[in-house]
Number of protein chains: 4
Amino acid sequence: MASIEILDRSTMTERLYDGLVIDPGETAIIAIDMHRGHLDMDVATMPTKPEDARRVIGNAKRALDFARAQGVPVIHVILVYRKIPGLGSEGMKSHFWRALHELVTEEDRLTPGRRSTVNGHNLEGSPGTQIIPELLAPSDYVIDNKKRLDCFYGTDLKALLDTLGVKTVCLMGINTNTCVLNTSFTAFNHDFRVVVLSDCVGSMYGDDLHVLGLQNVARCLGWVVTNEQLIEKMRAGAPAQRAESRAPEKVPG
Amino acid sequence: MASIEILDRSTMTERLYDGLVIDPGETAIIAIDMHRGHLDMDVATMPTKPEDARRVIGNAKRALDFARAQGVPVIHVILVYRKIPGLGSEGMKSHFWRALHELVTEEDRLTPGRRSTVNGHNLEGSPGTQIIPELLAPSDYVIDNKKRLDCFYGTDLKALLDTLGVKTVCLMGINTNTCVLNTSFTAFNHDFRVVVLSDCVGSMYGDDLHVLGLQNVARCLGWVVTNEQLIEKMRAGAPAQRAESRAPEKVPG
Amino acid sequence: MASIEILDRSTMTERLYDGLVIDPGETAIIAIDMHRGHLDMDVATMPTKPEDARRVIGNAKRALDFARAQGVPVIHVILVYRKIPGLGSEGMKSHFWRALHELVTEEDRLTPGRRSTVNGHNLEGSPGTQIIPELLAPSDYVIDNKKRLDCFYGTDLKALLDTLGVKTVCLMGINTNTCVLNTSFTAFNHDFRVVVLSDCVGSMYGDDLHVLGLQNVARCLGWVVTNEQLIEKMRAGAPAQRAESRAPEKVPG
Amino acid sequence: MASIEILDRSTMTERLYDGLVIDPGETAIIAIDMHRGHLDMDVATMPTKPEDARRVIGNAKRALDFARAQGVPVIHVILVYRKIPGLGSEGMKSHFWRALHELVTEEDRLTPGRRSTVNGHNLEGSPGTQIIPELLAPSDYVIDNKKRLDCFYGTDLKALLDTLGVKTVCLMGINTNTCVLNTSFTAFNHDFRVVVLSDCVGSMYGDDLHVLGLQNVARCLGWVVTNEQLIEKMRAGAPAQRAESRAPEKVPG
């Protein structure tokens, strides 16, 4: 097995952390694919490791509860697939996923050592598409038509963030190195401030890609913070007049 | 310095490689940011390591020459920035890049141990925006308005690929873990077959993130091949009738 | 009242009509905002004229029934708004719609002589968001997160069309000169063949703009056909082998 | 020839005009396809009527000179086509344009009574792609990779507007009912305030579609103003502190 040295960039990332301001009044949490299809071992068709599921759900609940109490909106984005006659799930249009499906045994696909399937993953109406109940609150927004790896692709996420006046996005969810990383890239490209919550992400692809996903964000495009750091930064970033600054101009009638 | 074990997924990637078909008649090479701003140490404002620049230029030249001889179109996509009064370069609108600029010394930014600057990088008309001459042929297409990490973002790359009838994209260039990876993600999301040319990519951010970028592609969304493998696959993938299959319906008059 | 002469372009449009081929195997119907919020006078918050609603519903039902019988997929795209605390409906983020809301009486807004409201239009869960029942079949696809005038904007319509192998889109719905026309533009820009079904569209803004919408499509970007012409063209366009040509490559397992 | 009554919506549009504020500090002019390919009869391959060209150029020069004097940025967006081997111009990928090319004589295509060609229009390096010299100033921004009817499609226009802090776009150019209208739609969808400059637009497709294009904007999505009104609104909308409000946060070094 090859091993690789992680470059020490702490002098850079520490200075960047010191300069980070998270104003709850212009921040949203984006919770990515926090559904049973990844996180509930009873029904998951692309399961993370069970211990990752437990860790991520517990930490995400703490972060979400804190954020909601600060008035920070929470946006769930989840993948759901239609079945297309003659094709299978909408995911089967992908060359790579179809090749995996056709050529590789179920135990040796995306989730090493655990069975997974694109064609049977998160079909409309299946239990896998349900958001983990303890992570969902009535005030949350839900976007449930993600089709590929990027939460912005084919969804109204950008429009919703702009409507909410968001400038900083805090990302959590599954998988660190694909949907979270791809969404981080796109959020960066749209000039959002990108913060990835390291306690609240995990990867079904392997711990190495989880670590490298976080390294990639912290060294190239955004900030990686723990729950403790998130809370500290949100407390420090809240101006006294936060409540008003969130509110858009009032609508009469 | 932390070290991390790379998971061995060779049984999966070998089966995927065996199944890979690269038909030159529906393939394009996308050469990403192969400009002097990264690769010519005399003018680079975000330099790779000099030995990476030499390796990537040499290998890319061989791959491009072969591809062009097969009739495969080559599309260069490069980042060029306007200067905006009161702001600086268009890159300074990015929260992360601006924070780096303001908080971190030039030697400790994106390119560890080598000076770099976003605000001075690839301004319109500067030498950094020139494509490395030996990588550019008259028949190549050039897209020179990339502004962030994704070659598709704010460019006509998708339209050009569709106009050319491309289904498979082979990516090369700088940096493995940012522009190449971000473009791989988006190409995957658009249902292209994604092939990253490992001999022809490099990262100014560090070798660890270069390895990450390749691992992430090979295990999550596409194929990573050497020059030798590219040549083998292109030769095998060319049907006798390739020339016609590329040609769109004829235009009279 | 000003009156305006419509230019006679029949020699051009007739030749274009003669050359039009509609192959059911690569065609989809896009039914735009065929919901009660426009078409059911009991609940409509942006009502068309009642006689337009009757005409469009009746004709659309005939066209849809025919299309489904040919195996042509039907995609409903409808606008649905979240309520945003402090803002109102998501539509209130629009400068123009907000200005209308704040400055103009309900009877003199988008729908001349009939009351209308953006802020109360098609809120999540309201009856206005329901598709007119006789226009919806179990095999239809539904996209219900349209937020502005373009069916492609912030939705997965493009991805779904590509997944279905669609090259020709036939548009129906409300309003001829806004959502239908804007979607026609975008479909044209994406290089779809655009056909607007003149019997199945109408405009709450006025008959003049309905005529404009159709003229604009027929003279600048696509084809305008009646139900009778649609049926004729679909019958003529169906190759014997249609069933196979629709089917994507088979998926094992 | 059919004639059509234009609905009188003046009570609505007058109230909307009264409420319109154009703050030069957050406004940009978008000049659409103001090139010789439409406006210089000596080289135009899709010519407007000569009198429209004269009117539009003269009025646009006055509006642009005034705007620049207020510090309002001007962004030219123009269509330029590559030649693609085996296809012709990039425009020939469009089903509608190709059908016109193949089926209809040159005098009876898009520009009634005047010869036009998609396949020969605005090829890279041809004189048609040159912006009308009196409309171009050194401080203007130029985006020259528009490929279809929408100035946002496949370009970095959205990114540039955001970088400049623009909230209001004033549109001028050719053609009122296609590129100007399509760009108006997309700007509306992106929640810009849309203002179309009626003295500075024209249509090669016919006067009826020019009129209807303006009606469509004024009654459905934005404001239509004369040069005189533009000047009045810009003067009224400029706060004393305008200069600062434009300036983004300062960049050190």
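Which side chains meet in a salt bridge of 2.8 Å, N to O, between chain C and chain D? In this predicted model, the two partners are C:R219 and D:D208, whose side chains come together at that distance. The pair belongs to an interface across which the rule finds six salt bridges, together with 36 residue pairs in polar contact, both residues of each pair being at pLDDT 80 or more.

The elements that give two or more residues to the side of chain C that touches chain D are β1 (3-5), α1 (10-19), α4, α6 (179-189) and α7 (207-220) of chain C. Of these, α7(C) gives the most, with 10 residues. Divided by class, the side of chain C that touches chain D has 29 nonpolar, 14 polar and 15 charged residues.

Taken as a whole, the interface brings 58 residues of chain C into contact with 59 residues of chain D. Between them, chain C and chain D bury about 5500 Å², and 62% of this area lies on carbon and sulfur atoms. In chain C, the residues that lose the most area to chain D are C:I4, C:H95 and C:F96, which together make up 13% of what that side buries.

Helix α4 (residues 95-103) of chain C packs with helix α1 (residues 10-19) of chain D at an angle of about 105°, the two axes being 10 Å apart. Because angles of 65 to 115 degrees count as roughly perpendicular, α4(C) is roughly perpendicular to α1(D). On the side of α4(C), the residues that take part are C:F96, C:A99, C:L100 and C:L103, and they meet D:M12, D:R15, D:L16 and D:G19 in α1(D). By class, this contact has six nonpolar residues, one polar residue and one charged residue.

A helix pair inside chain A has another geometry. The axes of helix α6 (residues 179-189) and helix α7 (residues 207-220) of chain A come within 10 Å and cross at roughly 10°, and α6(A) and α7(A) are therefore roughly parallel to each other. In this contact A:L181, A:S184 and A:F185 of α6(A) meet A:G213, A:N216 and A:V217 of α7(A). The residues concerned divide into three nonpolar and three polar, with no charged residue among them.

Over all chains, the count by the rule comes to 68 salt bridges. One of them is formed by the side chains of A:R148 and B:D191, at 3.0 Å, N to O. Since A:R148 lies in the loop between β6 (141-146) and α5 (157-163) of chain A, and B:D191 in the loop between α6 (179-189) and β8 (193-202) of chain B, the pair joins two chains.

Some features of the backbone remain to be described. Most residues other than glycine have a negative phi, and most peptide bonds are trans. A cis peptide bond, however, joins B:I174 and B:N175, with omega about 0°, and B:N175 lies in the loop between β7 (168-174) and α6 of chain B. In chain D, a cis peptide bond with omega about 0° joins D:I174 and D:N175, and D:N175 is found in the loop between β7 (168-174) and α6 (179-189) of that chain. In chain C, C:N122 has a positive phi of about 50° although it is not a glycine, and its place is in the loop between α4 and β6 (141-146) of chain C.

Terms used. Residues are numbered from 1 along each chain as its sequence is written. Chains are lettered from A and ligands numbered from 1 in the order in which they are written. This is a predicted model: local features need pLDDT of at least 70, side-chain atom pairs count only at pLDDT 80 or more; totals for chains, interfaces and linings use all residues. Side-chain values use heavy atoms; hydrogens and water are left out. Axes are lines fitted to C-alpha atoms, for helices over the stretch in contact, and angles run from 0 to 180 degrees between N-to-C directions. Helices (H or I, at least four residues) and strands (E, at least two) are DSSP runs, numbered from the N terminus. Angles under 35 degrees count as roughly parallel, over 145 as roughly antiparallel, 65 to 115 as roughly perpendicular and the rest as oblique. Contact means heavy atoms within 4.5 Å. Ala, Val, Leu, Ile, Met, Phe, Trp, Tyr, Cys and Pro count as nonpolar, Asp, Glu, Lys and Arg as charged, and the others, Gly among them, as polar. Buried area is the accessible area (1.4 Å probe) that two parts lose on being put together, summed over both. A salt bridge is a side-chain nitrogen of Lys or Arg within 4 Å of a carboxyl oxygen of Asp or Glu. A polar contact is a pair of N or O atoms within 3.5 Å; within protein, one must be able to donate a hydrogen and the other to accept it, and residues adjacent in sequence count only if both atoms are side-chain atoms.
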